[in-house]
Amino acid sequence: MKSGIERAIEKLGIPVTVENTGGLKRGKGIVYPLRYRARQWGNVEHLPQGRTEPGRFLLFCARELVKDAAYGSMIFEGGNRYALIWKDEYGCGLGGYARICMRKMKGASGT
């Protein structure tokens, strides 16, 4: 049975494909541009009114979709191709999800 967070991602998300060590996994995720406001000596302050970081995006999806994915794994969405930079996994009473930082790649998507 899916958690509340997983059901919300399924309802609001778009189809994504993740290439990992076990092959391809398909699911849904929410993709949006990564934004920064300020950088100070390595500290990054995330604020929605900040500027967009060119080519960087965040993906929110079910943890199972990116379970075997690691740095450099390819993520496909529509005609876009992204490389996984880092991932964080979260769990709470409403369920679990993964937050993925991706860099948009140039060229054909491959799927």
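How many disulfides does a search of the whole structure find? The search finds 0 disulfides. The model is a predicted one.

**Buried residues**

| Residue | Relative accessible area | Class |
|---|---|---|
| C61 | 0% | buried |
| C101 | 1% | buried |
| N20 | 9% | buried |

Each class follows from the cut-off, because buried means under 20% relative accessible area.

**The nonpolar core**

The largest nonpolar core holds 14 residues. Among its members, V18, L59, C61, V66, I75, I100 and M102 touch the most other members. Strands β1, β5 (51-61), β7 (80-92) and β8 (95-105) each supply at least two residues of this core. In soluble globular proteins, nonpolar side chains tend to be buried together.

I75 is one of the core residues that touch the most other members. Leaving aside neighbours within four places in sequence, I75 is in contact with V18, L59, I100 and M102, which are also in that group.

**N20 at strand β1**

N20 lies in strand β1, which spans residues 14-20. This asparagine is buried, with a relative accessible area of 9%. A polar atom of the N20 side chain lies 2.9 Å from the backbone nitrogen of G22. Not counting residues up to four places away in sequence, N20 touches K25, L65, D68, A69 and S73.

Terms used: Residues numbered from 1 in each chain as written. Predicted model: local features only at pLDDT ≥ 70, side-chain atom pairs only at ≥ 80, totals over all residues. Heavy atoms only, no water. Helix = DSSP H or I, 4+ residues; strand = E, 2+ residues; numbered from the N terminus. Buried < 20%, exposed > 50% of the residue type's maximum accessible area, 1.4 Å probe, protein only. Polar contact = N/O pair within 3.5 Å; in protein donor to acceptor, adjacent residues only side chain to side chain. Contact = heavy atoms within 4.5 Å. Disulfide = S-S within 2.5 Å. Core = buried A, V, L, I, M, F, W, Y, C linked by side-chain atoms within 4.5 Å.
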